[in-house]
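Student: I am new to this structure. Please show it to me, and then tell me what the terms rest on.

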Amino acid sequence: MTNLSRRKLITGGLAATAGVAGLGVAARLAQHYGLVPPDHGGIFGLGETLDYASQRLLTRHSLAREFSSSQISKPPFANEIAPPTDEFKRLQAGGFAEWRLSVNGMVARPASFSLDQLKSFPSHTQITMLQCEEGWSYISEWIGVPLSHVLDVMGVLPQARYVVYFSIEPDTWESIDMADALHPQTLLTYGMNGDRLPVSHGGPLRLRLPRQLGYKNVKFLTHLTVTDSLKGVGKGLGSASAEAGYAWYAGI
């Protein structure tokens, strides 16, 4: 059986069991295929499971829309923020020369990267929309290194299922599954509109995840952990946003 026909079968099974035998059976089918999000236990858990499972089955390799340079939004851009902490301001005063992105967990070669090291990797540029459910949406050119390349350098272990990413901003973290982590449009972004990524938009480094809503695109990245489970991270829901009532999977 081909992957496509298998996906059609599973998707059809999810839809049929949801309609005939109820959402609970469909959720168990998703569980069987490893398509249950970490926040599945809440009041909207069954819906979150079916949304995540169906999108993974149907759009795992799809691309977010890319735009032309003439469509880039004009300043001022939405949702600009101030430097978050005194430690951040200290690093900023030094031109971010001491800024580091550390990577650990289920990787063969844990490491810590400076901004210059990240910029030495193959870069990718995309013009995509940062979409926010609260209305802070805009189109920009984003420049960075694909997260997949950094993970390849690290040597991700076969059992890894998630990448957890942390900000210097207190209590700000998210996670994504390996499908999104290895997607070609997922960037560790250090540039915006032909210049350095402004601090007001998460500089010197933020995750750019154009296939999910804005709150998954965490600013001021300092640390990544590759893991096979999210149960021991925070409250086990997969992200600070999920702990605050948002969905862990925020696919567009």
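Predicted model: local features only at pLDDT ≥ 70, side-chain atom pairs only at ≥ 80, totals over all residues.

Tutor: Residues are numbered from 1 along each chain as its sequence is written, and side-chain values use heavy atoms, with hydrogens and water left out.

Student: What makes up the count of helices and strands in the chain?

Tutor: Helices are DSSP runs of H or I with at least four residues, and strands are runs of E with at least two, numbered from the N terminus. By that rule the chain has eight helices and ten strands.

Student: What share of the residues counts as buried?

Tutor: Buried means under 20% relative accessible area, with a 1.4 Å probe and protein chains only. Of the 252 residues, 49% count as buried.

Student: Why is a set of residues called a nonpolar core?

Tutor: The members must be buried Ala, Val, Leu, Ile, Met, Phe, Trp, Tyr or Cys, joined through side-chain atoms within 4.5 Å. The largest such core has 36 residues, and Trp99, Val150, Leu188 and Leu205 touch the most other members. Helix α6 (residues 147-154) gives the most to this core, four residues. A second, separate core has ten residues, including Tyr52, Trp173, Trp248 and Tyr249.

Student: Which residues are in contact with Val150, leaving aside its neighbours within four places in sequence?

Tutor: Contact means heavy atoms within 4.5 Å. Val150 has such contacts with Val103, Phe113, Leu118, Phe121, Val145 and Leu188.

Student: What makes a space a pocket?

Tutor: On a 1 Å grid over the protein atoms alone, a pocket is an open set of points where a 1.4 Å probe fits, with protein on both sides within 12 Å along at least five of seven lines. Lining residues have an atom within 4 Å of a point. The largest pocket has a volume of about 510 Å³, the space filled by probe spheres set on the points. Of its 25 lining residues, Asn79, Thr172, Gly214, Tyr215 and Lys219 are the closest to its centre.

Student: How many residues of each class are in the lining of the largest pocket?

Tutor: Ala, Val, Leu, Ile, Met, Phe, Trp, Tyr, Cys and Pro count as nonpolar, Asp, Glu, Lys and Arg as charged, and the others, Gly among them, as polar. So sorted, the lining has twelve nonpolar, six polar and seven charged residues.

Definitions and conventions: Buried < 20%, exposed > 50% of the residue type's maximum accessible area, 1.4 Å probe, protein only.
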